Amino acid sequence: MNNAYLFWAPKFAAEKFALDVGEAGKGVMLWHHLFAFGAILLGGVITDRFVKRMPRFRLGFQSVALICGAPMLAWIGLAPSFVGLLVAASAYGVFRGFFEVNTHASLFDVVSPEHRSTAVGLLNMIAFFFGGLSGVAMGALSQKWGVRGFEIGFGVMAAAYAVGALLMAYSFFFTFRKN
């Protein structure tokens, strides 16, 4: 999902708010990445601290990050102003950072050391495949319906985040096993 954001957020902001693409891109990328960077640093410290007492913590933290990130993606698509979009993009950066900082670590919580390279390879392959498709889909939506297509695309991304959060929460409560 992040790929669609990275590919299309500057063009979407430029079209929706009648801005230069460079100006829009600086705003939606700079603030998003600054907040994601801070969240990655903070999220790593938080999860490393709490996972000692609760082995499922990383998975729960990721689930919460996804469910909190979902409305931010919807807000990006529906923001009535460029400032509102920047606030939503910044908040999305926080939740994306909290999710991504734990991706490999939470995988390693449930995959034995001799299978971790294969698991990471599969995870990356699937992520890049669907990440690439998300950018293509967002482009197709925007080509067909313009700004409204982008808004729909961000709504679909929000729904995908919510579904991911529910699946991870299911794993947290019902299927997680600590090796």
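I shall speak about the nonpolar core, then a surface patch, and finally the salt bridges.

A word on conventions. This is a predicted model, in which local features need pLDDT of at least 70 and side-chain atom pairs count only at pLDDT 80 or more, while totals for chains, interfaces and linings use all residues. Residues are numbered from 1 along each chain as its sequence is written, and side-chain values use heavy atoms, with hydrogens and water left out.

Let me begin with the interior. A nonpolar core here is a set of buried Ala, Val, Leu, Ile, Met, Phe, Trp, Tyr and Cys residues joined through side-chain atoms within 4.5 Å. Buried denotes under 20% relative accessible area, exposed over 50%, and partly exposed the range in between, with a 1.4 Å probe and protein chains only. The largest such core comprises 41 residues, and those with the most contacts inside it are Tyr5, Val28, Leu73, Ile76, Leu85 and Phe154. At least two of its residues come from each of α1 (2-17), α2 (21-50), α3 (57-78), α4 (82-100) and α7 (147-175); helices are DSSP runs of H or I, at least four residues, numbered from the N terminus. Helix α4 gives the largest share, 10 residues.

What does Leu73 touch, once its neighbours within four places in sequence are set aside? Its partners are Tyr92, Phe154, Met157, Ala158 and Tyr161, contact being heavy atoms within 4.5 Å.

Turning to the surface, Leu122, Met125, Ile126, Phe129, Phe130 and Leu133 make up a nonpolar patch with about 610 Å² of accessible area together. Such a patch joins nonpolar side chains (Val, Leu, Ile, Met, Phe, Trp, Tyr) within 5 Å, from residues with over 30% relative accessible area and no salt bridge; areas follow the Shrake-Rupley method with a 1.4 Å probe, only the protein chains shown counting as cover for residues. Leu122, in helix α6 (residues 116-145), is partly exposed at 45%.

Finally, the whole structure holds six salt bridges, each a side-chain nitrogen of Lys or Arg within 4 Å of a carboxyl oxygen of Asp or Glu. Lys16 pairs with Glu151 at 3.1 Å, N to O. That pair links distant parts of the chain, helix α1 and helix α7, 135 residues apart. Arg148 also bridges to Glu151, at 3.2 Å. Through shared partners, Lys16, Arg148 and Glu151 form one network. Within it, Glu151 is buried at 17% relative accessibility, whereas Arg148 is partly exposed at 48%.

Conventions. Patch = residues over 30% accessible without salt bridge, like charges linked within 9 Å, V, L, I, M, F, W, Y side chains within 5 Å.
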